[in-house]
Amino acid sequence: MRVRLPRRGSNPRIQSVGVDALRLARMPRRGTGGTVDWAAGIRDAWTFGEDGAAASLREFLNDGSLERFDAKSAREYSEHGGGSIPGPSNGNGQSNAPKASTERFRADVRTTARISPYVRHGELSPREVYHSAKAIQVGSRKSRARSAAVFLRRLAWRDLAYWSLWRFPHMCDEPLRPQYATQWWALPWDPVGRGDSVPRAVAVNKKRWHAGMVASSDDALRAWQFGQTGYPLVDAGMRELWATGYVPNYVRHVVAGFLIEYLNVDWRHGQLWFHDTLVDADVAIQGFMWQNGGHSGMDQWNFVMHPVYAAKSADPDGAYVRRWCPELAGLPREFVHCPWEAPATTLAAANVALGRHYPKRIVLDLEDARRKSLKAVVDVRRAHPEYVLPDGNEALPLPEPGRTARCITRVDYRMMSEEVVTRQTAAAPWDASRRQRRDPMSRALDDAAALSERIARDAASVLG
């Protein structure tokens, strides 16, 4: 559409042309005639502009969120059979004492700043954020000052990501550790394009690898993108991302880890989806973080989030999942993150039919999926020993010829292990061996066993 502008000299003031006249803000329409307002959730979730940025920073610094940023809490899972078993160990070498969890990992309450979109779009200066938090660090009691210090370190990661992209301009496109360009993926990256030509990428991968680790279609990727994996914590995170353009940092690790470690999808597919959907999408930060999660970055993190067990830190009561996966809202806490383990009577009472109301799991054997991911990396290390250092870590070639840097490498890979070493353990509500059974038959058996024990104790007290 052409817009006629005033001739030079005819009007000293250039007239403003509204967005409506430019026809740039027209909503797409469905074939049935309805409007597709895909940004409604984003508008509801955010207050745009500098006023919204300042309010979000003030809220984080002053309403208790900063204190919770580095606060630790140990949860006792006593209700619904979640109590700890007496004694120092549960028989598997793991303590039964409740472990402290960092509050900023919570997705069901606000414990993070939620200022990243404002910093990304220039509505909030990182210098202002730094000095505001630094003032609190200097003038506050010990616990609050510690939280401020942890927050400032996280803020500095932004500059580390920017420096990394400046130092390695290909960081968003190719593995920093060059040997990982040969890694097997169930769904690889299109070697000549942007990742959109999935059939061609799959065809290339099928030719390269043996039948035991064949390439897949992109169905798993699509299920992940739209929160239909059958794993509630993963689905809740991806649905929040689609609706609001945001997902808390810990849950970002959960969903990214699921895509890479359990679906074995090349990290660049995840980076591209985050870039297209996040309101705080940042090329440097996304490239830096997805590289690390995808094995080929400067730091192979020594943690992998389990799609169920991560709930003990992110969503201990299930409120986050119930919000974003309302079809599961009627399930009790111990099954809301793993509905496939719920008895049929519990599912029926909650009006949940897996495969109809909520999708069935797209990965049935999580351990096998992890082993495939582990094997893919170990195979890379065996094929490229020139990058493996004597201590098991790996060398990263630097832009200057002949120079390398030592990169932290995950313990599983340093050990060249055939079995997964880095894993997340279950808290009591999601440990089937420690969970109270809730179906009527199991309850009746438990009641009978309890009655028998009580009779035996009473008899022993009479005889004794």
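This is a predicted model: local features need pLDDT of at least 70, side-chain atom pairs count only at pLDDT 80 or more; totals for chains, interfaces and linings use all residues.
View 1. Which residues of helix 7 are buried? They are Arg144, Ala145, Ser147, Ala148, Ala149, Val150, Phe151, Leu152, Leu155, Ala161, Ser164 and Arg167. Here is a handy rule for reading such a list: an α-helix has 3.6 residues a turn, so residues three or four places apart point the same way.

**View 2. Helix 10 crossing helix 12.** Here you can follow helix 10 (residues 232-244) and helix 12 (residues 267-277), whose axes come within 9 Å and cross at roughly 40°. The two helices are therefore described as oblique to each other. Where they meet, Met238, Leu241 and Trp242 come from helix 10, while Trp273, Phe274 and Thr277 come from helix 12. Sorted by class, this contact has five nonpolar residues, one polar residue and no charged residues.

**View 3. Helix 11 packing on helix 18.** In this view, helix 11 (residues 249-262) packs with helix 18 (residues 366-383) at an angle of about 70°, and their axes are 8 Å apart. That angle is why helix 11 counts as roughly perpendicular to helix 18. Look for Phe258, Ile260, Glu261 and Tyr262 in helix 11, which meet Leu366, Ala369, Arg370 and Ser373 in helix 18. By class, the contact of these helices has five nonpolar, one polar and two charged residues.

View 4. Strand 3 (residues 394-397) pairs with strand 4 (residues 404-407) in the antiparallel sense, over four bridges. Which residue of strand 4 stands opposite proline 397? It is threonine 404. Six residues lie between the strands of this hairpin, and glycine 402 takes a positive phi near 85°.

View 5. Start with histidine 295, which has a positive phi of about 80°. Its place is in the loop between helix 13 (283-293) and helix 14 (311-314). Is histidine 295 buried or exposed? With a relative accessible area of 0%, histidine 295 is buried, because anything under 20% counts as buried. Now turn to methionine 416, which has a positive phi of about 55°. You will find methionine 416 in the loop between helix 19 (411-414) and helix 20 (440-463). Methionine 416 has a relative accessible area of 27%, so it is partly exposed.

**View 6. Leucine 354 and its contacts.** Leucine 354 sits in the loop between helix 17 (344-349) and helix 18. At 26% relative accessibility, leucine 354 counts as partly exposed. Leaving aside residues up to four places away in sequence, leucine 354 touches Pro339, Trp340 and Lys360. Take a look at the pair formed by leucine 354 and tryptophan 340: they are 14 residues apart along the chain, and their C-alpha atoms are separated by 7.6 Å.

Definitions and conventions
Residues are numbered from 1 along each chain as its sequence is written. Side-chain values use heavy atoms; hydrogens and water are left out. Two strands pair if DSSP finds at least two bridges between them. Buried means under 20% relative accessible area, exposed over 50%, partly exposed in between (1.4 Å probe, protein chains only). Axes are lines fitted to C-alpha atoms, for helices over the stretch in contact, and angles run from 0 to 180 degrees between N-to-C directions. Angles under 35 degrees count as roughly parallel, over 145 as roughly antiparallel, 65 to 115 as roughly perpendicular and the rest as oblique. Contact means heavy atoms within 4.5 Å. Ala, Val, Leu, Ile, Met, Phe, Trp, Tyr, Cys and Pro count as nonpolar, Asp, Glu, Lys and Arg as charged, and the others, Gly among them, as polar.
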